[in-house]
Structures are given as C-alpha cells and as structure tokens.
Amino acid sequence: MVIEFFLVRIGFDENGIYCYSGWRPKRTIDWTAVESVRFSQSMQWWVLRTKDAGNIRASVFLSGLQEFLTELEKRGIKNSGAGVTLKE
C-alpha cells in the first residue's frame with residue numbers, strides 16, 4: 001500500500017489518460033480505449049478496463065480522483081458495477 005500511495009499518479013487531459021506507477025512503464029491511454037469502470041469495495045479503488053493497455057487502478061486516496069471520475073462521466077464512460085456511483 002505504501003508504494004501505491006507514493007508512486008502511483010494518474011493525469012488526464014483532452015487527449016487521454018497518463019499513468020505512472022512503481023510497477024510498469026509510463027502509459028498513455030486514449031479515452032476511446034477505456035471500455036468500462038467499476039469500483040472494488042474490498043480494495044477501495046476504481047478499476048478502469050482498457051482495450052489494450054491493461055487495467056488502471058485509481059485508489060480512493062488518489063489526489064484529484066473526483067475530477068477524474070467526473071471526466072469519465074462526461075465522456076460517457078459508465079460504471080459497470082452495482083451500488084456505487086462515479087460521484088462517490
């Protein structure tokens with residue numbers, strides 16, 4: 001969890017999502033590559049499934065998370081899980 005807290009960063013702009021972590025190289029993901037998003041209650045993170053770049057995990061402790069979730073919603077990327085909304 002310590003690495004997750006200090007080494008994971010997610011940025012975004014109109015072109016896509018930029019992911020930095022302690023486990024893999026920097027990734028740039030186009031918005032159109034995001035297939036779904038769901039919330040993992042047990043792990044307390046949002047999981048974005050992409051077409052070809054693996055999963056993105058965004059912890060509830062991630063700075064700027066609400067702005068990121070708002071952007072997902074604006075782009076029509078819906079929560080595929082039950083019971084948790086992107087507004088949380």
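How many of the five residues of strand β2 (residues 16-20) are buried? I went to the predicted model with that one.

Ground rules first. I number residues from 1 along each chain as its sequence is written, and side-chain values use heavy atoms, with hydrogens and water left out. Since the model is predicted, local features need pLDDT of at least 70 and side-chain atom pairs count only at pLDDT 80 or more, while totals for chains, interfaces and linings use all residues.

Entry one, the layout. I find two helices and six strands in the protein chain, taken as DSSP runs numbered from the N terminus (helices H or I, at least four residues; strands E, at least two). Along the sequence the order reads α-β-β-β-β-β-β-α.

Entry two, β2. Four of its five residues are buried, so β2 is largely enclosed by the rest of the structure. Buried here is under 20% relative accessible area (1.4 Å probe, protein chains only).

Strand β1 (residues 9-12) runs antiparallel to β2, with four bridges joining them; strands pair if DSSP finds at least two bridges between them. I see Arg-9 opposite Tyr-20 of β2, and a hairpin of three residues links β1 to β2. Strand β3 (residues 27-30) also pairs with β2 in the antiparallel sense, over four bridges. There Tyr-18 stands opposite Thr-28 of β3, and the hairpin from β2 to β3 goes through six residues.

Of its 88 residues, 39% count as buried. I also looked up contacts (heavy atoms within 4.5 Å): among those with a separation of 6 or more, 38% come from residues 24 or more positions apart.

Definitions and conventions
Buried means under 20% relative accessible area, exposed over 50%, partly exposed in between (1.4 Å probe, protein chains only).
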